[in-house]
Amino acid sequence: MTEPPEASASAAQPDPGASTGAAVAPPPADGSARAGAAVPRSVTARATAAGVIVSLLLIVAIVLGSRFLENFDSALLPYAVATVFLAFGVAYRYTVWVSAPGARRLFRKGWGSLFSAANFRKAPTALPKMIATYLGFQKFLGARSHARWAAHQLIFWGCILASLITFPLTWGWFTFTSGSGSGPGYEMRIWGFKIIGFDSLDILGWLMFHGLDIAAVLVIPGASYFLWRRMKDRGAITGQRFGYDLVPLIALIVISVTGLLLTFSSIFLHGGGYEFLAILHMVSVVFTLIYIPFGKFFHIVQRPAAVGMQLFKYTGRQDQEVFSCRRCEEPIDTAPYVENLRGTMRDLSLGFDEWAEYCPRCKRVLRGSAYLSQVKKGFK
């Protein structure tokens, strides 16, 4: 059993007890290596170039997918423009995020594990299971609270449904045409090719034309729960920020409510107030799309890389590469994962990466021993 570092060295180092030893500290939400750190000019230029390229590719895809704008609805132009800004913002911030040392290592290890043929041979079903449980059903949230898990699932699947409908319609990729001009028979076309014909008066037709209403019904209770929790829970109130934590929830509720009101106006009010509601709905959607890359919603883009890291840990356990604490020999995590943690700490020039090789309990013991021997000599 290897002896721990000298007590004097441990006393001079920053607090090791704050680390768990088994989890990589996530990069700050703002995408920088350290909170408040300025983004280097080279990173800014590279991120801007990535944003411009992705935006141009999306514009080309819109033009080609809508058959050179033949199927493009000009009334949806503000939404389409907002998605172009969304593409630029996501590419820009993602590039800045992966430029930070910790995120860069996470990105390489995570995506490397996702596309590793060796990992697929070791555990062919691991990736589909992790995508379903970690990305789809987010089982890790259930360990915190069943209510939070249920609310998050409502928001997640509601937003997925809304995105699958809204984006293709906005870009002119999906079109609904009727031979009679007003139905009830319609054809759904993708990129100009007929996919399915349906009657707007049957159950399939109703689902087709009310998919966004269903998404809104899912999102409203989920977002309302989290908004209520942030108003009542002391722990949430202490650390929350209005622009980062509350604005996304309010935006989701406004989008969902105004979308339902549009349907209510067209069915029960014969179009009364429809123009005002349409403008309010459009403004809320455009604002949210532009906000996504620079707010809390950006974790949607980051999450797939975390799946790769989970796969990285899983395959390490399959190979029985478990690293034990240098002091008590209790298992900490997989050896590749601990080495990855140490590498991240070295990249950040933290200067105490050796503490990753100790379990949380031993870190506290060593810190206490250093305190007694160096700070409180002779203390009984």
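Select D245 first: leaving aside neighbours within four places in sequence, D245 is in contact with R230, G239, Q240 and K296. Contact means heavy atoms within 4.5 Å.

Before moving on, note that this is a predicted model, in which local features need pLDDT of at least 70 and side-chain atom pairs count only at pLDDT 80 or more, while totals for chains, interfaces and linings use all residues. Residues are numbered from 1 along each chain as its sequence is written, and side-chain values use heavy atoms, with hydrogens and water left out.

**Stop 1: around D245**

Stay on D245. It is found in helix α12 (residues 242-268). Helices (H or I, at least four residues) and strands (E, at least two) are DSSP runs, numbered from the N terminus. At 7% relative accessibility, D245 counts as buried. The scale, with a 1.4 Å probe and protein chains only, is buried under 20% relative accessible area, exposed over 50%, and partly exposed in between.

Now show K296. Its side chain makes a polar contact with the side chain of D245, at 3.2 Å. A polar contact is a pair of N or O atoms within 3.5 Å; within protein, one must be able to donate a hydrogen and the other to accept it, and residues adjacent in sequence count only if both atoms are side-chain atoms.

**Stop 2: helix α8**

Select A162, in helix α8. At 22% relative accessibility, A162 counts as partly exposed. Not counting residues up to four places away in sequence, A162 touches L212 and A215.

Next, display α3 (residues 77-99) with α8 (residues 146-171). They pack at an angle of about 110°, with axes 9 Å apart. Axes are lines fitted to C-alpha atoms, for helices over the stretch in contact, and angles run from 0 to 180 degrees between N-to-C directions. The two helices are therefore roughly perpendicular, a label for 65 to 115 degrees. Show Y79, A80, T83 and L86 of α3, then F167, T170 and W171 of α8: these make the contact.

**Stop 3: the sheet**

Three strands form an open sheet in the order β1-β2-β3, with antiparallel pairing. Two strands pair if DSSP finds at least two bridges between them. Colour the edge strands, β1 (174-177) and β3 (193-199), each pairing on one side only. Four bridges join β1 to β2 (residues 185-190). Finish on T177, which stands opposite E187 in β2.

Conventions. Parallel < 35°, antiparallel > 145°, perpendicular 65-115°, else oblique.
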